[in-house]
Amino acid sequence: MIDLRSDTVTTPTKAMLDTMMKAHVGDDVFGEDPTVNELQKFAADMFGMEAALFCASGTMTNQIAIKLHTQPGDEIICDKLAHVYLYEGGGIGFNSGCSVRLVEGILGKFTAQQVIENINDPGNIHFPTTRLVCIENTVNKGGGACWSFNEIKAIKAVCQQNGLALHLDGARLFNALVAKNETPKQYGQVFDTISICLSKGLGAPVGSLLLGSKQHIEKATRLRKVMGGGMRQSGFLAAAGLYALQHNIERLKTDHERAVIISEIIEKANIATYVLPVETNIVIFQLAEHIQLDNFMEQLKINNIKAATMGNRLFRFVLHLSINEKDFDNLTKNLNSLKLN
């Protein structure tokens, strides 16, 4: 079975497992796990930021960051497709007591001008105080779309002018860096906090990192504890994350190339009403009206393909490192042989 539901379905390679089994560990709640400390320093240095914190998930790192930058009653600006808004269980309201100003961008990407237009007048007591702008790169629901770094810098300037913090949900940031030939340090210079995920395209089994200033990460460590995220001998997991950062970034190009091939097959097969532009490892398409949804799902199953639906006849295929060359050859053959009506 070829699993295209997400790049979170990857399992550790033998080399990653060997690294995990050899990890030196300690009690991370006491700050004594050497492998966790090594991972955190490695990631912070990679982005040119002061500190990092290893957490269980990207939802946790995002929610901690939002809590860091806001007080109850404040407002956050993000796109209507943003993961922090759609897919984190209402965490913005539950954890931080904040409201959300949704911006309608293009494939999840908005402009500096749109930020300006959505900042509340701080002198008007009827409105919540705007405190934080959240950006997601790549945009999951935008089909893995990548932001323009120039637009990000323009948004940063608006944030500085208006006393706003800027957070990056970088769950698939390395896909964007590889696709756009950018560097982690570019992003470390712009954002107040950055969340990066180790368990998606990079292939680690668990974990995300929150990066920021020493002051932010000290406070984030307390918030992680409050959220139940303090882990003990987590160096076994951190070792996988360290291996991922050291070995699995450049190979993301392969996932991107394969995603383009899959999108071309879908377009030629007259399967979709439309396919979103493919920049990275995600292919999102709307199933054509003449194809029965149940039949399409059954054909995928018959051809050993698992895929995720997103409602409104939308499908998402995600390429990842657990799909080897033989799997990919089978995938392309099977997609070309679907019997649809």
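Let's start at a turn: in the hairpin of strand 12 and strand 13, 4 residues sit between the strands, and G311 there takes a positive phi near 80°. Helices (H or I, at least four residues) and strands (E, at least two) are DSSP runs, numbered from the N terminus. Two strands pair if DSSP finds at least two bridges between them.

A word on the model, please: this is a predicted one, where local features need pLDDT of at least 70 and side-chain atom pairs count only at pLDDT 80 or more, while totals for chains, interfaces and linings use all residues. Residues are numbered from 1 along each chain as its sequence is written, and side-chain values use heavy atoms, with hydrogens and water left out.

Strand 12 and strand 13 run antiparallel and are joined by 2 bridges; T309 has F315 as its bridge partner in strand 13. On to strand 10 (residues 282–287), which is antiparallel to strand 13 (residues 314–318) and linked to it by 5 bridges. Here I282 has V318 as its bridge partner, and I284 stands opposite R316.

How many residues of strand 13 are buried? The count is 5 of its 5, where buried means under 20% relative accessible area, exposed over 50% and partly exposed in between, with a 1.4 Å probe and protein chains only. In a regular strand the side chains alternate between the two faces of the sheet. In strand 13, L314, R316 and V318 point one way, and F315 and F317 the other way.

What covers the sheet? Contact means heavy atoms within 4.5 Å; axes are lines fitted to C-alpha atoms, for helices over the stretch in contact, and angles run from 0 to 180 degrees between N-to-C directions.

Helix 12 (residues 252–268) has another partner: helix 8 (residues 173–180) packs against it at about 80°, with axes 9 Å apart. In this contact, F174, N175, V178 and A179 of helix 8 meet L252, K253 and H256 of helix 12.
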